[in-house]
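Subject: Structure for your files

Hello,

Here is the structure I said I would send. My notes on it follow below.

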Amino acid sequence: MLLTSIGDFLTGAFADDEETSASYFSRELLDQLSDNDPTITGIWLQSKNLHDGDIKVLCDNLMRNTNVTEVWLPGNFITDEGAKSIAHMLKFNKSIKELFLGQNDIGPRGAAALAAALARGNTTLVALGLGENRVGVEGAGAFAAALRHNHVLRTLDLKKNGIPKSSSIRALLSKMLDFNASDPGDESLVLGLQEELVGLIQNLPEDVANEVVEKAEDALKTAM
């Protein structure tokens, strides 16, 4: 109840312009998105009890939308299946710049699908929030692999995802995101980060390294 109240408060606080934001999941909203209504530029659906089926319908209507730039979906019931629907949408949508999916139930497979969309399809998203999910080291590895190809994403929130604070992959992701925020024209830095990623994978325990590589490769194959 408290989480829902906080979500409603945040929705009201941020979406104060009713002409440019949507804070209720409804048939009317879906029709507006499908019709590319220019008055809808933000979607704020925090803590609305949305499940994977709802997310798929939402994403189907966002696929070709060119006006929505922000999507907030924290505190719902999104699993890997919902994340896959979002990832598929991101391969086609060219307007969403900020996407927040914190406090859901997204695991390594869902993270890998999102990473794949960033690696091979999406060149628009600059901020992705995944705090308080189940991404883990494997999912973080998929994002590290994706950032070898994506030089647009600048913010990636993975706090409280079972990734140790001392993890080398956390530091590597930070470096890659800092690179994206600076001048992506330095090819030597790109190659250096790629070498560091390879070194990191080699230094992981064999079972963890194999899983990271497999998930990263699966993610990139899915996107191709």
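Arg27 and Asp31 both sit in helix α2, four residues apart, about one turn of the helix. Helices (H or I, at least four residues) and strands (E, at least two) are DSSP runs, numbered from the N terminus. The model is a predicted one, in which local features need pLDDT of at least 70 and side-chain atom pairs count only at pLDDT 80 or more, while totals for chains, interfaces and linings use all residues. Residues are numbered from 1 along each chain as its sequence is written, and side-chain values use heavy atoms, with hydrogens and water left out.

Salt bridges

The side chains of Arg27 and Asp31 form a salt bridge at 3.2 Å, N to O. The term stands for a side-chain nitrogen of Lys or Arg within 4 Å of a carboxyl oxygen of Asp or Glu. Asp31 is partly exposed, at 35% relative accessible area; buried means under 20%, exposed over 50%, and partly exposed in between (1.4 Å probe, protein chains only).

A search of the whole structure gives five salt bridges. Another of them joins Glu81 and Lys84, at 3.5 Å, N to O. Both residues belong to helix α4 (residues 80-90) and are three residues apart, about one turn of the helix. Glu81 is partly exposed at 46% relative accessibility, and Lys84 is partly exposed at 37%. Lys159 and Asp157 also meet through their side chains, at 2.7 Å, N to O. Lys159 has 42% relative accessibility and counts as partly exposed; Asp157, at 25%, is partly exposed too.

Helix packing

How do α2 and α3 pack, and at what angle? Helix α2 (residues 27-34) and helix α3 (residues 52-62) lie at about 30°, with axes 7 Å apart. Axes are lines fitted to C-alpha atoms, for helices over the stretch in contact, and angles run from 0 to 180 degrees between N-to-C directions. The two helices are therefore roughly parallel, a label for angles under 35 degrees, with over 145 being roughly antiparallel, 65 to 115 roughly perpendicular and the rest oblique.

On the α2 side, Arg27, Leu30, Leu33 and Ser34 meet Val57, Leu58, Asn61 and Leu62 of α3, where contact means heavy atoms within 4.5 Å. By class, this contact has five nonpolar, two polar and one charged residues. Here Ala, Val, Leu, Ile, Met, Phe, Trp, Tyr, Cys and Pro count as nonpolar, Asp, Glu, Lys and Arg as charged, and the others, Gly among them, as polar.

Aromatic pairs

Two aromatic pairs turn up in a search of the whole structure. Rings of Phe, Tyr and Trp (its six-membered ring) pair if their centres lie within 6.5 Å; planes under 30 degrees apart count as stacked, over 60 as edge-to-face and the rest as tilted. Trp44 and Trp72 are stacked, 5.2 Å centre to centre with 25° between the planes. Trp44 is in strand β2 (residues 42-44) and Trp72 in strand β3 (residues 70-72), so this pair ties together parts 28 residues apart in sequence. Trp44 is buried at 7% relative accessibility, and Trp72 is buried at 17%.

Trp72 and Phe100 have ring centres 4.3 Å apart and planes at 40°, so that pair is tilted.

Regards
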